[in-house]
Amino acid sequence: MSTLLASISLGVSALAVTAQQPVSETQVAAMVEALRKAAPQTGKINDGLYSDWQVQPGTVKAWSKFCLKKELSPTQFENNQATARQIISCITRRELNQQLRATKNNETAAVNGVACWWMTGNYSGCNSGFTAAYVRKVVAFYQQQRTKPSTI
């Protein structure tokens, strides 16, 4: 009996994980690249933002701790493009998953939500001004990336 319950429990757990992670690696890669391409360029060498994604120092520490289980300094993040991309991919995956669930798998709405969150910390409210322009830019870059043929 306990073997049957364990099997049922594992089956239900597998379904829950599948339902909670609808985002594909292609979607994550497209979002990561869109965020990189849309990153605001301040024109200042020491603008206080790090890597091609223009991430704030406190955010680098929190995200690296979440994704790598160890805190990186902003300089470590800035100096290792592969690690920066790994962390950005981890966070992007988390946020896209959440937004796909929240929007009932509406990919464009999810990308809008993630782009808005990336810039403001909120999933909505990027309807005018700089934030609206930024979100439109991210969505356009995302759509470009999604239509590229796979190199895998």
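Let's start with helices α2 and α5. In this predicted model, α2 covers residues 25–38 and α5 covers residues 81–102. Their axes come within 9 Å and cross at roughly 115 degrees. That makes α2 roughly perpendicular to α5. The crossing of α2 past α5 is right-handed.

Who meets whom? On the α2 side, the contact has Glu25, Gln27, Val28, Met31, Val32, Glu33, Leu35 and Arg36. On the α5 side, it has Arg85, Ile88, Ser89, Thr92, Arg93, Leu96 and Leu100. By class, that contact has seven nonpolar, five charged and three polar residues.

Is tyrosine 142 buried or exposed? Its relative accessible area is 4%, so tyrosine 142 is buried. Leaving out residues up to four places away in sequence, tyrosine 142 touches Gln27, Ala30, Met31, Ala34, Glu107 and Val111. Now take threonine 108. Threonine 108 and tyrosine 142 are 34 residues apart in sequence, with their C-alpha atoms 9.2 Å apart in space.

Next, helix α6, residues 107–120, and glycine 113 within it. Glycine 113 has a relative accessible area of 3%, so it is buried. Beyond four places in sequence, glycine 113 touches Gln99, Asn122 and Tyr123. From glycine 113 to alanine 102 is eleven residues along the chain and 9.5 Å between C-alpha atoms.

Last topic: the aromatics. A pair of rings is described by the distance of the centres and the angle of the planes. How many aromatic pairs does a search of the whole structure find? Four. One of them joins tryptophan 63 and tryptophan 117: stacked, 5.9 Å centre to centre, with 25 degrees between the planes. Tryptophan 63 lies in helix α3, residues 57–68, and tryptophan 117 in α6, so the pair ties together parts 54 residues apart in sequence.

Why does tryptophan 117 count as buried? Because its relative accessibility is 14%, and the cut-off for buried is under 20%. Tyrosine 123, at 29%, counts as partly exposed. Put together, Trp63, Trp117, Trp118 and Tyr123 form one aromatic cluster. And Tyr123, remember, is touched by glycine 113.

Key:
Residues numbered from 1 in each chain as written. Predicted model: local features only at pLDDT ≥ 70, side-chain atom pairs only at ≥ 80, totals over all residues. Heavy atoms only, no water. Helix = DSSP H or I, 4+ residues; strand = E, 2+ residues; numbered from the N terminus. Buried < 20%, exposed > 50% of the residue type's maximum accessible area, 1.4 Å probe, protein only. Contact = heavy atoms within 4.5 Å. Axes fitted to C-alpha atoms, helices over the stretch in contact; angles between N-to-C directions. Parallel < 35°, antiparallel > 145°, perpendicular 65-115°, else oblique. Left-handed = near helix turned anticlockwise from the far one by under 90°. Nonpolar A, V, L, I, M, F, W, Y, C, P; charged D, E, K, R; others polar. Phe/Tyr/Trp six-rings, centres within 6.5 Å; stacked < 30°, edge-to-face > 60°.
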